[in-house]
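Take a moment with the structure below. Then read the report with the model open beside you.

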2 protein chains.
Amino acid sequence: MTTTAQDATGDARRQELFRGTVLAASRLDGQLLAAAGELARPAGLTAAWWQVLDAVLPGPLPVAGIARAMGVSRQSVQRVADLLVSHGWAAYCTNPAHRRAKLLAPTAEGRAAVARIGPGQAAFAARLSAAMGGEAELAAALGALRRLSAALEAVHAADTGKPLEPGA
Amino acid sequence: MTTTAQDATGDARRQELFRGTVLAASRLDGQLLAAAGELARPAGLTAAWWQVLDAVLPGPLPVAGIARAMGVSRQSVQRVADLLVSHGWAAYCTNPAHRRAKLLAPTAEGRAAVARIGPGQAAFAARLSAAMGGEAELAAALGALRRLSAALEAVHAADTGKPLEPGA
DNA sequence: GTTTCATTGACAGTATCCTGTCATTGGGAC
DNA sequence: GTCCCAATGACAGGATACTGTCAATGAAAC
């Protein structure tokens with residue numbers, strides 16, 4: 001460990017770095033959630049609904065599988081999935097591999113709703129890319145996000161030997 | 001706008017970039033919140049409480065001011081601030097400049113609680129820094145977070161002419 | 001075939017944060 | 001001095017997500 005008397009200033013510097021990261025990530029998530037919400041609203045969706053619906057566009061998935069893919073708890077996805085189904089955006093299909101774990105699949109209306117978001121999303125993504133100074137910079141920022149996630153995952157795994165995923 | 005027929009693949013690429021960013025930011029925020037929560041728990045604090053308490057360590061601030069500094073709504077901070085006061089971690093002081101807008105200040109117990117988190121935070125920050133490959137890499141990632149936030153802010157401001165802060 | 005365990009869904013409870021609305025306060029416009 | 005507006009706090013309501021717990025299901029161990 002580096003927590004020696006000689007390294008007190010290093011500790012303080014890293015603490016500040018960590019606190020700044022927590023703050024920045026919280027702010028960024030809030031901003032992106034708000035932006036996604038505004039993009040999805042004209043289609044009658046919320047940001048969370050969009051995320052779940054988008055996750056099953058490539059193919060049907062069980063609720064728990066969606067949760068794993070998104071890194072959130074099963075219950076959160078379950079709630080949104082039930083809402084999507086009750087609104088007709090998605091439907092549960094029988095799962096040949098598991099009787100209880102029904103597969104969530106988008107309906108035609110669901111696909112149409114996501115498609116309606118497309119143009120606005122493309123325009124916003126283009127503006128964001130431009131504001132970042134180019135696609136390369138945006139891609140680099142995304143890479144940084146993922147490296148941070150991976151590092152956190154690694155640290156947590158080293159601590160507990162368990163993955164960080166909630167509800168796991 | 002770049003949304004021409006010729007740039008359809010560019011649109012798709014940027015859309016994917018944007019979706020990936022939303023997903024990664026959400027995941028990262030969740031991970032950092034969980035990590036901060038674990039660090040704060042031994043001191044009897046939650047991640048949200050810690051954030052608010054930490055914001056007033058340098059000096060007393062009104063609730064609305066804390067909210068602005070954190071980029072969240074006044075109501076969220078108000079709720080946490082009331083809880084902090086009711087638990088004795090912080091106290092409201094009279095504000096000479098505004099009778100209603102009392103200033104939130106940490107109590108001695110509050111400062112002690114934050115201080116108790118310090119060592120764990122330093123150790124975790126050191127491990128995170130190591131997992132990122134060094135402090136420089138961690139600092140670079142933080143820079144990327146902030147650039148993304150600033151770009152989102154700029155795009156939103158260009159859209160509405162208003163800052164993105166919630167509850168504003 | 002039976003037992004055991006992990007996965008999944010369902011439900012209750014809680015934490016966090018947002019929007020909308022209203023009265024109070026303070027400062028600037030007139 | 002009066003009026004209007006922005007900022008603030010208080011309150012109600014809703015959205016999102018996590019933990020804990022339980023029963024049902026499927027698969028693996030024996």
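By what turn, and with what shift along the axis, can chain A be laid on chain B? A turn of 180° and a shift of 0.0 Å along the axis do it, with an RMSD of 0.1 Å.

## Ground rules

This is a predicted model: local features need pLDDT of at least 70, side-chain atom pairs count only at pLDDT 80 or more, and totals for chains, interfaces and linings use all residues. Residues are numbered from 1 along each chain as its sequence is written, chains are lettered from A and ligands numbered from 1 in the order in which they are written, and side-chain values use heavy atoms, leaving out hydrogens and water.

## Two copies

Two copies of a chain are related by a rotation about an axis and a shift along it. Chain A goes onto chain B by a turn of 180°. The two copies are thus related as by a two-fold rotation axis. The superposition is by least squares on the C-alpha atoms of residues with pLDDT of at least 70 in both copies.

Now look at where the copies meet. Of the interface residues of chain A, 100% are also interface residues in chain B, so the copies meet through the same surface. Contact here means heavy atoms within 4.5 Å.

## The sheet in chain A

Helices (H or I, at least four residues) and strands (E, at least two) are DSSP runs, numbered from the N terminus. Two strands pair if DSSP finds at least two bridges between them. In chain A, 3 strands make an open sheet in the order E1-E3-E2, with antiparallel pairing. Strand E1 (61-62) and strand E2 (90-95) of chain A are at the edges, each with a single partner strand, so one side of each has no neighbour in the sheet.

Follow the pairs. E1(A) is joined to strand E3 (residues 98-106) of chain A by 2 bridges. There, A:Leu61 is opposite A:Leu104. E2(A) and E3(A) pair over 5 bridges, and A:Asn95 faces A:His98. A hairpin of 2 residues links E2(A) to E3(A).

Helix H4 (residues 74-86) of chain A lies across E2 and E3. The helix runs at about 110° to E2(A). For such angles, axes are lines fitted to C-alpha atoms, for helices over the stretch in contact, and angles run from 0 to 180 degrees between N-to-C directions.

## The sheet in chain B

Chain B also has an open sheet of 3 strands, in the order E1-E3-E2 and with antiparallel pairing. Its edge strands are E1 (61-62) and E2 (90-95), each pairing on one side only. E1(B) meets E3(B) through 2 bridges, with B:Leu61 opposite B:Leu104.

## Around DNA strand D

How many residues surround DNA strand D? There are 23, and the closest include A:Ser73, A:Arg79 and B:Arg74. A residue is near the strand if one of its heavy atoms lies within 4 Å of it.

Of the DNA strand D atoms within 4 Å of the protein, 73% belong to sugar or phosphate. A polar side-chain atom of A:Arg79 is 2.4 Å from a phosphate oxygen of DNA strand D.

Key:
Polar contact = N/O pair within 3.5 Å; in protein donor to acceptor, adjacent residues only side chain to side chain.
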